[in-house]
Amino acid sequence: MKLYMPTKVLFERGCVRAHGAELQVLGSKAMIVTGKHSSRINGSLADVEAVLTENGQPYVIFDEIEENPSVETVARAAQIAVAEKVDFFVAIGGGSPMDASKAISILCRHPEAIAEAEKHLYDKTPMDGYPIAAVPTTSGTGSEVTPYAILTLHSRHTKQSIAQHLFAQVAFVDAGYLRTSSYANMVSTCVDALAHLIESYLNTNANELNRMYSAEGLRVWGAVKEALLPELAKAADGSMTLADETLDAFMRASVIAGIAITHTGTSIPHGLSYPVTYEMGVPHGKAVGYFLPGFLRAYENREDVARVMELLGFDGLDAFCSYLEQLIGRPQVAQELWEHDVELLMSNPAKLKNYPYEMTTEILRNFL
Ligand code: NAP
Ligand code: ZN
């Protein structure tokens, strides 16, 4: 058994400004990697810029990270980072900018790989990167504490985790940044964290050490689950009305879930979600959530499934499924895409290895 998660996590309101000196030691010139809008409205970009300025550390901003970032985008950002002589990165946003920063950092450290970025990022030969600080602004992916980076591969019409693994050196986790999230985005990202916890607990690599994380994360998530229901959390204009303590709890669950999947990886719901996101544009967490009921129904160890329900505070699987449906609705996936999705997963043993039992096409077809 092994436990290893080297990221220093600073979890408190106002942590970026309070612990700005943590950035000082990472390098001499930063690239801030972020999306188009959200970091400007939730205050995270202003906090990071203020700290870098106070530290006397010059920086450039790359704010073109799209949802489900592509290999092309990270290669473009890396080219700029090399030209600007950047030697560390500050990722601000959801999983998209945080994942992108890992790939950009690796390519920037190995400029010769940029021209064939896809080949090198997906090659098993290890490559290091420059230091990264991560500032999550969604309570979903846990990318601030995982070594994974999932990129869109237009060449293959799907998304895939890069072969290279890289942890952020430090994560500044401030649930105050969640305040500007829409209800729909909050639901999708929280369901992603829920899926990480479930897929980590019910996993070939689960053991008594890493289940400390998945079990505790399920308990934390479950304690605030009712607050996420639309009648309590959704305003008429689509904004989100969760209380500060609830935002803190979902953020905590998301970080714990990230630590959990760092040790186990994800499983079949994540594997099935990627073509659905690529082809239909369904947000990551929602797409993963589509496959949770089927996964839990099929899972052979019923005692473990019952334990997951108990930790979440559900009175059985039916209660869980009807709760989830209230959050994300019923899955809508065209038959042709679904068949292609099943075929793709069944033909990829690497994607099935975290499922501890035999998986067949017949079982998988029942997931929807
Ligand atoms: P995201 O794709 O990073 O962001 C989704 C949307 O939310 C964007 O439009 C973003 O706007 C907006 N947003 C982010 N924070 C906001 C805030 N505080 N207020 C208002 N809007 C906000 O979403 P995500 O679900 O966090 O990340 C999904 C990605 O992470 C996927 O590519 C998925 O595959 C990956 N992932 C990675 C891991 C891992 O371990 N590395 C695990 C699970 C998933 P802007 O574009 O303007 O910022
Ligand atoms: Zn996920």
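Colleague: How far apart are the end C-alpha atoms of helix H12, residues 268-280, and what span should its 13 residues have at 1.5 Å a residue?
Modeller: In this predicted model, helix H12 covers residues 268-280, and at 1.5 Å a residue its 13 residues should span 18 Å.

Colleague: How many of the 13 residues of H12 are buried?
Modeller: A residue counts as buried when its relative accessible area is under 20%. In H12 the buried residues include Ile-268, His-270, Leu-272 and Tyr-274, and among them are also Pro-275, Val-276 and Thr-277. The helix is mostly covered, and the number of its 13 residues that are buried is ten.

Colleague: Which residue follows H12, and what is its phi?
Modeller: Helix H12 is followed by Gly-281. The phi of Gly-281 is positive, near 70 degrees.

Colleague: Is Asn-68 buried or partly exposed?
Modeller: Asn-68 sits in the loop between strand E3 (59-62) and helix H5 (71-83), and its phi is positive, about 55 degrees, although it is not a glycine. Most residues other than glycine have a negative phi. Because its relative accessibility is 22%, Asn-68 counts as partly exposed.

Colleague: Is Lys-85 buried or exposed?
Modeller: Lys-85 lies in the loop between H5 and strand E4 (88-93), and its phi, near 55 degrees, is a positive value in a residue other than glycine. Exposed residues have over 50% relative accessible area. Since the relative accessibility of Lys-85 is 66%, this residue counts as exposed.

How values were computed. Residues are numbered from 1 along each chain as its sequence is written. Chains are lettered from A and ligands numbered from 1 in the order in which they are written. This is a predicted model: local features need pLDDT of at least 70, side-chain atom pairs count only at pLDDT 80 or more; totals for chains, interfaces and linings use all residues. Side-chain values use heavy atoms; hydrogens and water are left out. Helices (H or I, at least four residues) and strands (E, at least two) are DSSP runs, numbered from the N terminus. The expected span of a helix is 1.5 Å times one less than its number of residues. Buried means under 20% relative accessible area, exposed over 50%, partly exposed in between (1.4 Å probe, protein chains only).
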